[in-house]
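Please examine the structure shown below.

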Amino acid sequence: MPEKKVFVTVAGNIGSGKSSLTSMLGEHFNWRPYFESVSDNPYLKDFYKDMKRWSFHLQVYFLSHRFRTHVKIINSKRSVIQDRSIYEDAEIFAKNLFDMGNMSKRDYKNYSALFKEMTAFLKPPDLLVYLRANTETLVNQITIRGRTFEKSIEKTYLQLLNDSYEGWIRKYDHSNCVIIESDHLDFVNNPKDLEFIINEIKREL
């Protein structure tokens, strides 16, 4: 492993296991973890009840939170690992909401301009780890973790996000990328599966 500071981001759909993997890799490598704002998010519950009403508010909140986190990461002297990248906010979630008709053209244009201005000042991560999972895996893992506000997430929405992720990852060029096929992995409970991911990351770094 390199002795210099590294910045790793874990990307993936809702329920793919990003937070768990971020925590486990942070502990293994002694990297400081930065997590997505979920429990303290003031818009998330309302969003899943009415996406069209709250999509712009939610995405601006995530963008602001992710930008502050990214700046902290850049200024940190320690190696870090981040749960979801700022690029996914705009290039996956906001775009998908616009394509679904849940964000107006005016709001999406405004949001995209803000995203472009903010990310122009940011150094990208050294490595992105993409957890690829099919819709059935996502639904099962969302059910297991049992967040009340996630019960209303429709399978079709997860599939649309997965389709967006596949298009995005093919064009991703901000940094090196490792794709982990996670449908048949249980890195939380199986040490060999976690070791496999760790070795993939070591090889790329």
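**Helix packing and aromatic pairs**

Helices H4 and H7 are oblique to each other, because angles under 35 degrees count as roughly parallel, over 145 as roughly antiparallel, 65 to 115 as roughly perpendicular and the rest as oblique. The model is predicted: local features need pLDDT of at least 70, side-chain atom pairs count only at pLDDT 80 or more, and totals for chains, interfaces and linings use all residues. Residues are numbered from 1 along each chain as its sequence is written, and side-chain values use heavy atoms, with hydrogens and water left out.

The axes of H4 and H7 (residues 155-171) lie 10 Å apart at an angle of about 130°; axes are lines fitted to C-alpha atoms, for helices over the stretch in contact, and angles run from 0 to 180 degrees between N-to-C directions.

Rings of Phe, Tyr and Trp (its six-membered ring) pair if their centres lie within 6.5 Å; planes under 30 degrees apart count as stacked, over 60 as edge-to-face and the rest as tilted. The count by this rule is 10 aromatic pairs. Phe98 and Tyr108 are stacked, because their ring centres are 4.5 Å apart and their planes lie at 5°. Since Phe98 lies in H4 (residues 86-99) and Tyr108 in H5 (residues 105-119), this pair ties together parts 10 residues apart in sequence.

Technical notes. Helix = DSSP H or I, 4+ residues; strand = E, 2+ residues; numbered from the N terminus.
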